[in-house]
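Please keep the structure in view while going through the points.

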Amino acid sequence: MKKRAVSSLLASLAVVSFILPALAADAPGLEEMPPIVEETVEQAPFQLDGVPQQSLVYENRSGVTYVTVGSFVSMLDPEAAVEEENGAVTVNAARVSQVVDGSGNTATVVEETLNLTVKAGAPYIVANGRYLYAKDSLILLNGSVAAPIRLLAQVFNLDVGYDGENRAVLLNHREGDAYILPGDSYYNADTLYWLSRIIHAESGNQILEGKIAVGNVVMNRVKDPKFPNNIYDVLYQKNQFAPASSGSLKRTPNEESVIAAKLVLDGAEIVPTALFFNRAGLSCYASRNRTYVTTIGEHAFYA
């Protein structure tokens with residue numbers, strides 16, 4: 001009985017083996033079906049240290065990529081404290097390490113901290129006492145505060161690149177500190193002292209952009225070989241800045257003049273080529289001999 005059953009099964013399989021090729025030959029289009037492949041995932045618009053990131057909330061405006069502060073911080077540090085209310089967001093974070101003493105006891109040591117404030121509509125963000133300029137101001141995106149990704153990357157010490165082939169923004173951690181260096185360590189005290197005072201003396205009643213532009217002129221001169229290479233000598237160079245001879249240069253600057261000075265020292269540029277400024281409409285050496293750049297408030301700037 002077992003031999004007959006096996007023989008019958010083999011016979012049946014033989015018949016099927018002849019039938020299937022015939023059916024396959026008769027089925028229209030079957031031979032044209034593409035091979036089965038694994039499902040692909042759409043390329044993520046952001047990568048962090050080479051790993052695709054899908055969680056960032058972003059929008060491109062006039063060539064600037066804005067991301068919401070909350071989604072950016074969550075990507076980098078899910079443990080960070082993020083509070084957002086009335087168009088403002090604050091972030092507090094820390095990098096900690098575990099230290100084991102000789103008795104085997106473990107303690108948590110705070111190595112670095114981050115305090116970040118971002119307000120929709122403001123022209124800068126404040127991170128660890130540093131002032132980072134946002135030329136087109138900060139925005140609300142789907143009800144959340146958003147900032148240019150390059151500014152937020154600077155806060156977290158990330159390099160920013162772009163992969164044109166895959167149309168992806170590349171974020172990579174730098175070696176060293178986890179957060180931006182605090183202002184107390186970054187800003188040169190002497191430079192900040194004099195820069196904030198000349199800004200206040202020359203443009204204390206002007207809009208922020210005008211204050212930054214005055215600061216740009218001063219620091220452009222420090223960098224230019226035709227002028228002294230330090231801020232004090234630039235300001236006190238003969239017949240250059242009236243407040244230096246009048247004594248008004250030593251007046252205590254208002255808050256926005258100090259902020260403008262910090263913005264300049266952190267790279268804010270309104271007039272990157274200007275070396276002169278004067279009251280708009282005034283006939284002077286610069287207006288007659290130098291290239292006109294722009295007018296901001298009551299001042300005209302010249303390269």
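1. In this predicted model, the axes of helix α6 (residues 208-223) and helix α9 (residues 255-265) cross at roughly 50° and come within 9 Å. Axes are lines fitted to C-alpha atoms, for helices over the stretch in contact, and angles run from 0 to 180 degrees between N-to-C directions. Helices (H or I, at least four residues) and strands (E, at least two) are DSSP runs, numbered from the N terminus.

2. α6 and α9 are therefore oblique to each other (angles under 35 degrees count as roughly parallel, over 145 as roughly antiparallel, 65 to 115 as roughly perpendicular, and the rest as oblique).

3. On the α6 side, the contact (heavy atoms within 4.5 Å) involves Leu 208, Lys 211, Ile 212, Gly 215, Asn 216 and Met 219. Their counterparts in α9 are Glu 256, Ser 257, Ala 260, Leu 263, Val 264 and Leu 265.

4. An open sheet has 5 strands in the order β5-β6-β7-β8-β9, with antiparallel pairing; two strands pair if DSSP finds at least two bridges between them. β5 (81-85) and β9 (130-133) are the edge strands, each pairing on one side only. From one strand to the next, the twist averages 15°.

5. Strand β8 (residues 124-127) runs antiparallel to β9 and is joined to β9 by 4 bridges. Ala 127 has Arg 130 of β9 as its bridge partner.

6. Helix α2 (residues 69-76) lies across β5, β6 (88-100) and β7 (106-119), and runs at about 10° to β6.

7. Residues are numbered from 1 along each chain as its sequence is written. Local features need pLDDT of at least 70, side-chain atom pairs count only at pLDDT 80 or more, and totals for chains, interfaces and linings use all residues, while side-chain values use heavy atoms, with hydrogens and water left out.
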